[in-house]
Amino acid sequence: MIKGEIMREVAILGVGMTKFGISEKTNIEMFAEAGLDAIIQSNVEPKDIEALYFGNCLGGFEEGQLHMAPFAHAELGLPVSAPATRFESACATATVAIRHAALLVGAGVYDLVLAGGTERATTMGTPFATRTFAMASQAQYEYPAGITFPGVFAMAAHMYADKYGIPLKELKRHMAEVAVKNHHHGSMNPKAHFQKEIDLETVLGGMMVADPLQLFDCCPFSDGASAVVLAEAEKARDLVKKPIYVAGMGQASGGPLYLQQDLTRVRAREASISQAYKESGVGPDDIDVVELHDCFTIAEILALESFGFYEFGKAYDAATKRETYLEGKVVVNPSGGLKAKGHPIGATGAAQMTEIVEQLRGESGPRQVEGAKIGLVDTLGGDFGTICNIILRN
Amino acid sequence: MDPKLTFDQYQRGLEKGKFLGLKCNNCNAVTFPPMAVCRSCGGTALKVTEIGGEGILRTFTVIRVAHEGMDPPYVTAMVETDEGAWVMGNLVGINPDDADMRLMGQRVRLGTQPIKDDIYSAGHSRGITFTLQPS
């Protein structure tokens, strides 16, 4: 689609997110909290919202609640005429919901919509949560091998070390530096699940989860919600002082691991980011700040290479060289990322959007990326099965 | 269009020690595990074929925190079969604590093992195993 010819320009007005962590609130209560904050910040009222794009993955297992979208809609007082639709794309759920909201605003179907997601993973406990998360792996041909999500990224890490001839011990030290960096950023985020610094020894001394990934290579199970309000750009300018514009988007699909084969190259991400670069007219050198899908430390390294920030096989020591820190050449996960901010899977993409919107408005306080003009959101669903990218500008 | 080889038929093959896949009449690629179309060219002119059951281990992990109902530690791996298709399974016959980077590129033979069902899985019977071949 070419903006201005077929598609209308779309902007983000307001954003909201709960604190991520362990919550006593229900999925719908959390979503209403984030949604109302986003609506109030947009200088509109719930009755003005024309559609809800709602993300949730595992509500059936978390609270015995399916078909959550119309209940979230009612909780927020949205009008009956506004359809509420649930999205599920594993960990990429909210980003996919927001992308479709932006497409429909861009296409002129709606002028003002709410999109985001909620997840309450901690009600399940770790063994059952690990089972339900594994439902996002291929159920007939891959789940029977006892694969888990840490296991998928562990296999990618072994392949990366082998392919590029990096001794595993050395790769693990650089991976640990990604966790140290994201916890450092998270220590400045009052909404992060973990707000404390960690050191290299802590990461390398952690319990082994799936060789070679240790506990601190992995993001946590978290509860939380996040939401954004989108509008046609002219309407956005009438309503708020600092609308943040959707410059380009991409989404692509990967399929089961037995078809992906080389797990060091996330083909779906390469396809998705090239769509987003093409639509926005920007390239890797133009991006000031990134919120990317660091569900595991190796995942951040793979993403940096897919974006073209680094050549393939060269991003493994980016955090060690401090190139991805707040003061680095491209700031990666200033929120703390999934690692420290937490990962309520159905909400994660909206929280990434929230961070980039606040960064581009210059409202991120101690973790502000000075002068940030263009930001990138990257969300991965399942075992590389879905990738969604959104490029924003101020 | 009816599938040429269903999951159920694939499972019955595993029960007899046969690894059933699909060979493409158009490009000769072997699709294993089965799909509705050729994994390589997307063609639908497919015929059921039995694969040889050998390949090369391309990556692995030792699962130490497993989902409920599993008995960790165990080794999960991906193998490139001699026919070119990749498949996931469990490396058996070694102590998981001995699994390290020396496994990469090793030749393996495919086998099968019973799978523990749970209430969410719709009736698996057997999964794929890998056994290291003497070099």
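1. Chain B has an average pLDDT of 95, and 100% of its residues score at least 70. The model is predicted, with an ipTM of 0.97 and a pTM of 0.97.

2. Chain A contains 14 helices and 12 strands. Its radius of gyration is 19 Å, close to the 21 Å that the globule rule gives for 394 residues, so chain A is as compact as a globular protein of that length. Taken along the principal axes, the C-alpha atoms of chain A fill a box of roughly 55 × 45 × 40 Å.

3. Of the 394 residues of chain A, 62% count as buried. Contacts between residues at least 6 apart in sequence can also be sorted by separation: in chain A, 78% of them join residues at least 24 apart.

4. What is the strand order of the open sheet in chain A? The order is 3-2-4-7-1-8-12-11-9-10, which makes a sheet of 10 strands with mixed pairing. Strand 3 (84–87) and strand 10 (331–332) of chain A are the edge strands, since each pairs on one side only.

5. Helix 4 (residues 93–106) of chain A packs on this sheet. Among the strands that helix 4 of chain A touches are strand 1, strand 2 (52–55), strand 3 and strand 4 (112–120) of chain A. The direction of the helix makes about 170 degrees with that of strand 4 of chain A.

6. Within the sheet, strand 1 (residues 10–17) and strand 8 (residues 244–253) of chain A pair in the antiparallel sense over two bridges. Ala11(A) stands opposite Tyr245(A), which belongs to strand 8 of chain A. As background, strands of a sheet pair through backbone hydrogen bonds, either parallel or antiparallel.

7. Chain B has one helix and eight strands, and along the sequence its pattern reads α-β-β-β-β-β-β-β-β. The radius of gyration of chain B is 16 Å, close to the 14 Å that the globule rule gives for 135 residues, so chain B is as compact as a globular protein of that length. The C-alpha trace of chain B spans about 45 × 40 × 25 Å along its principal axes.

8. In chain B, 38% of the 135 residues count as buried. Among its contacts between residues at least 6 apart in sequence, 48% join residues at least 24 apart.

9. Is strand 6 (residues 86–91) of chain B buried or exposed? Six of its six residues are buried, so the strand is largely enclosed by the rest of the structure.

10. Strand 6 of chain B has two pairings to look at. Six bridges join it to strand 5 (residues 74–81) of chain B, and these two strands run antiparallel. Val79(B) stands opposite Val87(B) of strand 6. The hairpin of strands 5 and 6 of chain B has four residues between the strands, and Gly84(B) takes a positive phi near 100 degrees there. With strand 8 (residues 126–132) of chain B, strand 6 of chain B runs parallel, joined by two bridges. Here Leu91(B) has Phe130(B), in strand 8 of chain B, as its bridge partner.

11. Where the chains meet, 33 residues of chain A are in contact with 32 residues of chain B. Helix 5 (126–134), helix 6 (149–164), strand 5 (208–210) and helix 10 (257–260) of chain A each give two or more residues to the side of chain A that touches chain B. The largest share, eight residues, comes from helix 6 of chain A. By class, this side of chain A has 22 nonpolar, seven polar and four charged residues.

Technical notes:
Residues are numbered from 1 along each chain as its sequence is written. Chains are lettered from A and ligands numbered from 1 in the order in which they are written. This is a predicted model: local features need pLDDT of at least 70, side-chain atom pairs count only at pLDDT 80 or more; totals for chains, interfaces and linings use all residues. The radius of gyration is taken over C-alpha atoms; the globule rule is 2.2 Å times the number of residues to the power 0.38. A residue is buried if 20 or more other C-beta atoms lie within 10 Å of its own, exposed if 12 or fewer, and partly exposed in between; C-beta atoms are placed from the backbone. Two residues are in contact if their C-beta atoms, placed from the backbone, lie within 7 Å. Two strands pair if DSSP finds at least two bridges between them. pLDDT is the predictor's confidence in each residue, from 0 to 100. Axes are lines fitted to C-alpha atoms, for helices over the stretch in contact, and angles run from 0 to 180 degrees between N-to-C directions. Ala, Val, Leu, Ile, Met, Phe, Trp, Tyr, Cys and Pro count as nonpolar, Asp, Glu, Lys and Arg as charged, and the others, Gly among them, as polar.
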